[in-house]
Amino acid sequence: MTPLAPQYTRNAAAGAFDRRLLHRARGASVYIGVCAALGLAQTACVIAGAWLTASLVAGAFAGGQDLAALTPRLIGLAAVLAARALLASVQEAAANRAAAGVKSGLRRQALERLMRLPSGTRHTGETAQLLVRGIDALDAYFARYLPQLVLAALVPAGVLAVMFLAHPPAALVVALTLPLIPLFGVLIGRYTKARAERQWASTSALAHHFADLVAGLPTLKAFGRAGRQAGAIQVTTGEYRRRSMALLRVAFCSALVLELAASLSVAVVAVTVGVQLVEGGLAGQAGLQTALLVLILAPEAYLPLRGVGTHYHASAEGLAAAERVFAILAEPVEPGGDAAPHAGPAALPAAPHLPPPLRRAPTIMFRRTVFGYPGRDPLPEISLTVPAAQTTVLTARSGAGKSTLLAALLGFRRPVTGSIAFDGTDLSGLDPAAVRRSISWLPQRPVLIDGTVADNVRLAVPEDAPDAAVAKAIAAAHAPDARRRVAANGAGLSAGEAARVGLARALLRADLLDTPVLLLDEPTAHLDADTERAVLESLAPYREQRTVLIASHREAVRAIADREVAW
Amino acid sequence: MTTWRNPIALRLGLGAVLGALAQLSALGLLAVSAYLVSRAWEQPPILYLMVAITSVRALGIGRGVLRYAERLVSHDAAFRGLERLRIAVWRKLVRLAPAGVPVWRSGDLQARLVDDVDGTGDRWLRGTLPLTAAVITAATAVAVQAAILPAAGAVLAAALLAAALAGPALASWSSRYALRATAAERGALTENVRACLHGREELVAAGTDRVALERALDGDERLRRAHARIAWTAGLGQAAGLLAMAAAVTGALWTGIPAVAAGTLDGVLLACLALIPLAAFEPVLALPAAAQHTAAAKESGRRLLEITRAAEPRPDPAEPLRFGPDPLGGPHLAAAGQSAPGIEIKRLSATWPGADRPAVRDFDLTLQPGERVAVMGPSGSGKSTLAAVLMGFLPYEGSLRLGGAELAELAGDDVRRTVGLCSQDAHVFDTTLAENLRLARVGAGDDELVRALRWAGLRDWFDGLVHASPDRTAAAALPTRLGEHGRAVSGGERGRIALARCLLADREVLVLDEPDAHLDAATAERVLRTAAAALEGKTAVFITHRPLPDGVVHRTVHLEPPVPAPRDAPLSALLDLAPRG
């Protein structure tokens, strides 16, 4: 619900000049410099425009000059005002260029970090939206708000300086009222902060509640409960409106102070110089020119401050996205996450006492391991031996933690209690990179990237795989043609085809790295019986001399097992 | 929207008037100040200036106060309008759900629907109101300027018109241009980032996370270049407005100075002539932003209109047959012995809205009262369509008699008082377990809820909840929150919660759509057997794609996908089938 966003009640100027955002930004300091230069030029335009207007009016009215005599100054005024328009446009273009670089840098940092954070705690679709659309929303912050902040610092200072030179009493009026605006902003912001945050929370709760009801409408309708919800919605939103309005009555006061300060001080300046003129304190053409100059300049001192509020409001979405990105950047990386062999200089030194990778097919032992997820009951305790160089099929019921076991072997899940050992060596004592290099893993839903089937199969190994090896793996997995186009969202492949691309990837890895361990999570899901049989047949050579662990319920898969385990 | 009825329209009108008055105060302040200073320079007796001095002060206060009042009035009106719109949309959705709108096929669309309602409320506040204030202020400024000097009035009118037209047009062109230039890159980048995050563990395990990351970031580099390339267009709307203002100020002096020299204009008014354009342009310079809000809101409104104008898929008959638990009204609901109604389906065909061919064609099936039948068929054979027809969600051709009454002649709500649906995609609401169950039967006691959970095969799961609850009682476990902000529920658990809900609702006829989806064979068998026992005596249709364990149903019928008539296929589809070299 947009009419009430917390930014109304926050003080726009304080703290919004986000150091982290500028600190992270490539080329941001250059951009701030550009903003300052353009801001100075705009300040000069404001002052020159006011001076030229005042002198033109005074020249014609008090000095009795005609158009011919005043033409140069009139052309000058047109030029200054046009330059102001041009500067505004240049400012925005420069800002958008700079913002493109900053956003790109932020996106890279966030994605690099995310690749090293534990999975499963966040919604991948939402996070992808945050990284693309959310970060793009920072445009308003960089292109409008930051330059406005610079203007809000430069213009009042420049205007005040000129007014002091021209007419100190009028300048004093502005100098005294100007600080009232941020002062009241802070006071009202503090006063309403807690309430505004509560209200903001209830705003999103209300939207979420409505979305939840819409999603469940077919269910409500099936039980004849949908019609009655309208009344409940009315009560909730009515209550929400009353609370929102109570808050807004206070929150809008900061805008009221701004408007009153700006317009009353113009009135006071007008009356002050007017009275002085009547009393002969400012005589002649020069006197009128000075009076008009301060009258035109006074409102200009307040104008950028009003813009700050508006533009802060517009950049709230981008700032909220940035806030979430910073939260991601601050999260601790996954244990062993730094040790990925290609993570660059951040890679940990490999554990020295064990030669990576594992050489022969190992025996894998789970000793009384228990896995838990936050907010859920722990899975049942498991003790299990996977014999070396044999094929073991896990047939435990759904939800019993088969996929968790496989992920644990790769170091992505840690048991809460109990241990996992390869050939008697505890997994925690092994270098995770070396362990991962010894394993070929087919997850339940293999990843797909934009490209061809071959590009996708090549994600098996960091090195560039030879064409022949890729072709062999594709044939063995009965995957689609190597040249077929695949989109990252899976368009172009059926679920069964996608699974076989994943299988081809696992087989290619097994071939090229000669991994002694093969982990297959539901390798034949989505396949019809004939394809399933063909895939299992071509799997046979890959099972030789390897410790193979397969999670599956399928009858045909159980038939190839040396050992079957259920719990 | 037709939902903006009078009280809200009045409030909005008041808001518009207050907004315009606030802007006019600003205009008046500047004009009267300019007059005051010029007249004072002529040093008349100060009494001559008192009116000007007083009105300058009044206008100074008026502007701030009027603006404050305008904000309160218009926000209140927007909230009220939003409230009304939400309820109107909800009422319409209730009649459309679930066959009439594709909203329930994607979570994305649900979120958009909610945003669209909010976005439409924005239209007045940030679109129409600023526009109204700008038009009134600009018109007044032109009138005043023309009264002082007709030529200056004409110049101001032309400049304001140019700014009001060119500013928003350029601004909306540049944002559309930016969107077009970046939309494809953004979409591809989003998908690639999502793929990287989703496949993170696989990529890290393979050591190829860097490879995939760099490939995704190639797209980011392309997006950066696209943004940089179009950066120059962003400020055009703003620049156009400022240029027009420059022309208006210069033009006012260019016409005013010769008029003063010629004596056709009193010099006292020259300053007014120069300053009025500044105040007149202030609301006009805000128009590009207002236009963009309006455009976005229009888009939201258009999508909502699609929903509010959508045809009801199965309107209630004009004079529905009375039917239901009421024994007096029901034609042949059940004999006094409380046995459930039977179902008689003859040559039934049904088509989803927007589809060009029926999903079910010429289907026959008869269920005796109290009989449980499995309808088995591959995906695409129209099993879920049959469920939608039985629930009164979808119209049909042919005949479907429920306890002797033709289903089409019954009101939808009456049908659903007799027929219950246990659907594979039933929603688990973001509320407590107890509330999720009680929506099936208001006022059901705790013991009944627990019994329903046990019948649905959730005994172990619920015992886990009891174990984790503060004082380890069922009463303490029932208020456990489920759904998005509560405890995560797996696909299998969700299906069984739906089953528990259906058993609690205790309908005479039950349609179970894939009740064993997401369950392993052993659990599925256990759940189906207990469900069958709980349904003893009720008429039930089990929709399934695999054979059910013995004893769950009395018999099984097969549903085949309707054969598409080849002549229906468009030419392009036929060409697609042709073998390629």
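Two strands pair if DSSP finds at least two bridges between them, and strands (E, at least two residues) and helices (H or I, at least four residues) are DSSP runs numbered from the N terminus. The model shown here is predicted: local features need pLDDT of at least 70, side-chain atom pairs count only at pLDDT 80 or more, and totals for chains, interfaces and linings use all residues. Residues are numbered from 1 along each chain as its sequence is written, while chains are lettered from A and ligands numbered from 1 in the order in which they are written.

**View 1. An open sheet in chain A.** Let's begin with four strands of chain A, which form an open antiparallel sheet in the order 2-1-4-5. Strand 2 (382–386) and strand 5 (425–426) are at the edges with a single partner strand each, so one side of each has no neighbour in the sheet. Strand 1 (residues 364–370) joins strand 2 through four bridges, in the antiparallel sense. Look for A:Met365, whose bridge partner in strand 2 is A:Thr385.

**View 2. Two helices side by side in chain A.** Here helix 10 (residues 253–278) and helix 11 (residues 284–314) have axes that come within 10 Å and cross at roughly 175°. Angles over 145 degrees count as roughly antiparallel, so helix 10 is roughly antiparallel to helix 11. Residues in contact have C-beta atoms, placed from the backbone, within 7 Å. Among those of helix 10 that meet helix 11 are A:Ala255, A:Val266 and A:Leu277; the helix 11 side includes A:Gly287, A:Leu295 and A:Arg306. By class, this contact has 16 nonpolar, three polar and one charged residues.

**View 3. Where chain A meets chain B.** The contact takes 125 residues from chain A and 132 residues from chain B. On the chain A side, helix 3 (residues 67–114) gives the largest share, 25 residues.

**View 4. The largest nonpolar core.** A nonpolar core is a set of buried Ala, Val, Leu, Ile, Met, Phe, Trp, Tyr and Cys residues joined through C-beta atoms within 7 Å; buried means that 20 or more other C-beta atoms lie within 10 Å of a residue's own. This core has 364 residues, and A:Leu292, A:Leu295, B:Val37, B:Leu275, B:Ile276 and B:Ala500 touch the most other members. Helix 1 (residues 6–41) of chain B supplies its largest share, 20 residues. Leaving aside neighbours within four places in sequence, B:Ala500 has contacts that include B:Leu437, B:Trp455 and B:Leu458.

Methods:
Buried ≥ 20, exposed ≤ 12 C-beta atoms within 10 Å, placed from the backbone. Contact = placed C-beta atoms within 7 Å. Axes fitted to C-alpha atoms, helices over the stretch in contact; angles between N-to-C directions. Parallel < 35°, antiparallel > 145°, perpendicular 65-115°, else oblique. Nonpolar A, V, L, I, M, F, W, Y, C, P; charged D, E, K, R; others polar.
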